[in-house]
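Visitor: I have a structure to go through before I set anything up. Can you walk me over it?
Guide: Go ahead and ask.

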Amino acid sequence: MKIMAFNGSPRKGGNTDTLLEAVSLGVSGADASLDIVRLSELKMSPCIACGGCDKTGKCVVMDDMQALYGRISAADKIIIASPIYFYTLSAQTKIFIDRLQAMWSRKQLLKAAGRWQPDDNHQGYLLSVAATSGPRIFEGAALCARYAFDALGFTYAGDFLVRGADSREDIKKDSEKLKQATDFGRKIAVKVNLILTKD
Ligand SMILES: Cc1cc2nc3c(=O)[nH]c(=O)nc-3n(C[C@H](O)[C@H](O)[C@H](O)COP(=O)(O)O)c2cc1C
């Protein structure tokens, strides 16, 4: 099983990083491995809405995103991991998601040709962390992630959302959260479907 995580935090050793390390432990414990991509280390431009992918299913923008398309296509499970910035995903994460438009176009082209095979085992998860603790703090991020997964033909299968973590070390000090994140990773790897949020 191929499990990938896209980490949209630019802060090395920060809360998203630490949570993903804990998730990775859980995934490894279930005899799988987590392939983590740090989006902030890639050269990635925003979607330019040229419409090129409508005709070909391929993105014309030649940058580091090109190397990710094949890896995403081969993945069984995907985790979008991002801190909350202004009530939504970080810009790094959003650029990545907008560039998935090419994969949405590819899906439409395959559907039109009768060659699209839905796969219920393709599941997406959101991991996110925010400084504050408002009840609606993850709503924007969750909606965005849900429809990003939909563009890929993945089901939004669960999330791991942490409120009240702001300084870089906050999650490192929270052994309970780390344990829960490891358990979340283990469950993803053993294919347990976690429907934690609703529309
Ligand atoms: C540009 C920016 C915008 C932010 N906006 C919010 C926000 O709207 N709500 C919130 O609760 N936290 C906000 N935060 C705080 C981060 O979500 C928080 O520090 C988080 O733990 C960072 O995760 P990281 O260490 O993985 O980067 C913001 C932080 C930055 C840098």
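Visitor: How do the residues of the shell around the ligand divide into nonpolar, polar and charged?
Guide: They divide into 10 nonpolar, 5 polar and 3 charged. Ala, Val, Leu, Ile, Met, Phe, Trp, Tyr, Cys and Pro count as nonpolar, Asp, Glu, Lys and Arg as charged, and the others, Gly among them, as polar. Note that this is a predicted model: local features need pLDDT of at least 70, side-chain atom pairs count only at pLDDT 80 or more, and totals for chains, interfaces and linings use all residues. Residues are numbered from 1 along each chain as its sequence is written.

Visitor: Which residues are the closest to the ligand?
Guide: Gly14, Thr16, Pro83, Ala130 and Thr132 are the closest of the 18 residues that surround the ligand. A residue is near a molecule if its C-beta atom, placed from the backbone, lies within 6 Å of it.

Visitor: Which element gives the most to that shell?
Guide: β3 does, with 3 residues. Both α1 and β3 (77–85) supply at least two residues each. Helices (H or I, at least four residues) and strands (E, at least two) are DSSP runs, numbered from the N terminus.

Visitor: Switching to Gly8. Buried or exposed?
Guide: Gly8 is buried, because 26 other C-beta atoms lie within 10 Å. Buried means 20 or more other C-beta atoms within 10 Å of a residue's own, exposed means 12 or fewer, and partly exposed is in between, with C-beta atoms placed from the backbone.

Visitor: Where does Gly8 lie, and what does it touch?
Guide: Gly8 lies in the loop between β1 (3–7) and α1 (15–29). Leaving out residues up to four places away in sequence, Gly8 touches Leu39, Ala81, Ser82, Leu89, Ser90, Gln92, Thr93 and Phe96. Contact means that the C-beta atoms of two residues, placed from the backbone, lie within 7 Å.

Visitor: Which residues other than glycine have a positive phi?
Guide: Ala49 is one of them, at about 50°. Phe86 has a positive phi too, of about 45°. Most residues other than glycine have a negative phi.

Visitor: Where are those two found?
Guide: Ala49 is in the loop between β2 (34–38) and α2 (52–56), and Phe86 is in the loop between β3 and β4 (88–89). Ala49 counts as exposed because it has 9 C-beta neighbours inside 10 Å. Phe86 is exposed as well, with 8 other C-beta atoms within 10 Å.

Visitor: Next, α5. Which of its residues are buried?
Guide: Ala102, Met103, Ser105 and Arg106 are the buried residues of α5. They cover an arc of only 155° around the axis, so they sit on the same side of α5. The arc is that of the directions from the helix axis to the C-beta atoms. On the other side of α5, Lys111 and Ala112 are exposed.

Visitor: What covers the buried ones?
Guide: The cover includes α2, α3 (66–74) and α6 (139–152).

Visitor: And α6, which residues are buried there?
Guide: Ala141, Ala142, Ala145, Ala148 and Phe149 are the buried residues of α6. They cover an arc of only 130° around the axis, which puts them on the same side of α6. Their cover includes β3, β4, α4 (91–98), β5 (123–129) and β6 (155–162).

Visitor: What follows α6?
Guide: Gly153 does, with a positive phi near 85°.
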